[in-house]
Amino acid sequence: MFNKSFIEELLKPQELYSKKALRTIYDRLAHASIMKLNQASMDKLYDLMTMALKYQVLLCPRPKDVLLVTFNHLDTIKGLIQDNPALLHLVDETLRQLIEVYGGLSAGEFQLIRQTLLTFFQDLHIRVSLFLKDKVQNSNGRFVLPVSGPVPWGIEVPGLIRMFDNKGEEVRRVEFPHGGNYVTAPKEGSFEVYGDRVLKLGTNMYSVNRPVETHTSGTSKNLSSQAQQSIAPNPLAKEELNFLAKLMGGMEIKKTSGPEPGFRLNLFTTDEEEEQAALTRPEELSHEVVNIQATQDQQRNQELARIMGEFEVMDQPRWSASKGDDLLAMMDEL
Amino acid sequence: MVAADSEGPSDPGVRMFRRQRSIPLRGSAAALSNNLSVLQLPVCNLTHFGVVHGPSAQLLSVAPEGVPLAQRQLHAKEGAGVSSPLITQVHWCALPFRVLLVLTSHRGIQMYESDGSVMVYWHALDSRDASPVQAMFARGIASCGHFICVGMWSGRVLVFDIPAKGPNIVLSEELAGHPTSVTDIASEPAQEQDCMADVVTADDSGLLCVWRSGPEFKLLTRIPGFGVPCTSVQLWKGIAAVGYGNGQVRLYETSTGALHVQINAHARAICALDLAPEVGKLLSAAEDTFVHIWKLSKRTESGCTEPSLPQVEHCHGECVPDTQVCGARFCDPSGSSFAVTGYDLAEILTFSSE
């Protein structure tokens, strides 16, 4: 996935992908490994990814912060592939490319990028259990936009009117009630290859110690910390998604001749439920709750453990030239 | 809903606003700036609303009490390109003898009769100017006398000469004054002797250009930006009211370019400004979910021969919970009612203080 020519292709100036095109790429990436996904689970995984990304783009304090969100993603990936220097190098190279392409864009250009990205997510209101529990999403599927907490970097806390005379001297200051509860931004996130991003959007949603993104006043703070304890994610769910990330980091694509050595990822509580979901999936992706809590299924636990025992990290991603070309060619067609 | 009134200006017409009946939209509003246009028709007691959804825009006519009567959808003209082009803005332009509806997109400029029924003019973006890296689009629409000005991604402002009736619209001039994409244009009828400026154009770098309209537009003043995009601009009695990407509203005297008022008004980028010129009310809306109403006035220092100083008072603040506002307009000339659109919201929210 971090293959040089693939990244170069991604970073070429181009129009926003259509929803169909993005879904196809996502399917291909998910299946370019030993992992198998039933259609229904694939749909749910895609919904989760889409809503998480919508949340991140919408809640970005400044339009330029979409870049920091991307850097958070890549920093987290780097944390998972520490023992693979060749792959680390590829990801660092991706970071450098992103900085080169996007680092110099103006605030106005980032505003246009953010507005364009938001057209992709328009009218998607799928409810995600994690977001509902964290109270960052309402039951109608819309995200909470907090009116408290730090203002974005470069913005002043609202509430002040300053008036100047013809010589430019300040002659009067008046405060007005602005309705929010804002404080100054602490510091700016880093746009270098290495650095403190400050922004928490784009970090691992499932890490137990993640900070609550929404800032609340005194009493509600207690409520949200209680809520955090009660939704400590099932460690197996965490393991599965970390494993997924590991897989997409690059590994040998095994051709299966005999019995399937791969493992099947099921995002539902039972196989029957998964089948049922596949049959009843509505046309429009609305009012579905994506539940990412893993099962207690003994069989799957054992299977996962067995595979992780067998797993060998390859030095080089076996992203064969023909496979890469296929993907790029496919993207050209769409 | 959080509403905040200031101590109280002397004007009794500015008081508590109440939420009125919402007007449903066929499609949600797109995350753009200035994404609401309102045409008030007091004679027939109707109000027209225009909202951009994406590749289409919706026009609504609404009777009093918010009862929707008719609606129409307009689409961006295709032209060359792969995907459906996105519309950037839709805006009614009131001219001396007619009203035209102007629609700007990533392909060009479309002009319609005011009800959107007939397209009277199409101007395609010049593909010779195309850059492989930059997106091309038209954005920023204002009428001035018998001219309609439209901004471009390149920074140019196209000036169209509009006849009293019929489709014989002519591109009269291309103004060069902006190094980056135009964001918004404002105009007002030329009033007092010393208010010669009647058009202000703004861009992504925050630069403002002040013009006097005519067969040849004349650039009078340039007001430099400060690295933040100007997202919306209004013009009132020679005062430019400007909204920025850092949530500030600034008032400049256009004849001198001097900054007179700086308001830390919002915690996110401002998406729209509107004016009720008869009463000097200004409306600011931003992505921080808030809408604020301000009262502008000009105070003359006694014995002073210099231009009088713009003053501003805060009148009212309204929070639209969990909504990234993208457009806001006054709905009547006295500024006692206003309408708001938000990203992903398939309705127009209305507020009234009457």
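**Entry 1: who touches whom**

I take contact to mean heavy atoms within 4.5 Å. This is a predicted model, and I kept that in mind throughout. I began with the two chains and found 54 residues of chain B in contact with 47 residues of chain A. Together, chain B and chain A bury about 4000 Å², with 51% of it on carbon and sulfur atoms. I then asked which three residues supply more of the area that chain B buries against chain A than any other three. They turned out to be Asn264(B), Asp322(B) and Tyr343(B), which supply 16% of that area.

**Entry 2: polar links across the interface**

Next I looked up the polar side of things. I counted 20 residue pairs in polar contact between chain B and chain A, both residues at pLDDT 80 or more. On the side of chain B that touches chain A, at least two residues come from each of strand 1 (3–5), strand 23 (258–264), strand 26 (290–299) and strand 27 (309–319) of chain B. Strand 23 of chain B gives the largest share, 6 residues. Sorted by class, this side of chain B has 25 nonpolar, 20 polar and 9 charged residues.

How many salt bridges does the rule find across the interface of chain B and chain A? I got 2. One salt bridge I noted is between Arg114(A) and Glu287(B), whose closest N and O atoms are 3.3 Å apart.

**Entry 3: a strand pair between chains**

I went back to strand 23 of chain B and was happy to see that it pairs with strand 4 (residues 160–164) of chain A through 4 bridges. Do the two strands run parallel or antiparallel? They run antiparallel. In this pairing I found Met163(A) opposite Val261(B).

**Entry 4: salt bridges over all chains**

Finally, I widened the search, and the count came to 19 salt bridges over all chains. A friendly reminder to myself: side chains of opposite charge can pair when their charged atoms come close. One pair I wrote down is Glu188(A) with Arg62(A), at 3.0 Å from N to O. These two are 126 residues apart and link distant parts of the chain. Glu188(A) sits in the loop between strand 6 (181–183) and helix 8 (218–230) of chain A. Arg62(A) sits in the loop between helix 3 (39–59) and helix 4 (65–80) of chain A.

Definitions and conventions: Residues numbered from 1 in each chain as written. Chains lettered and ligands numbered in written order. Predicted model: local features only at pLDDT ≥ 70, side-chain atom pairs only at ≥ 80, totals over all residues. Heavy atoms only, no water. Buried area = accessible area lost by both parts, 1.4 Å probe. Salt bridge = Lys/Arg side-chain N within 4 Å of Asp/Glu carboxyl O. Polar contact = N/O pair within 3.5 Å; in protein donor to acceptor, adjacent residues only side chain to side chain. Nonpolar A, V, L, I, M, F, W, Y, C, P; charged D, E, K, R; others polar. Pairing = 2+ DSSP bridges.
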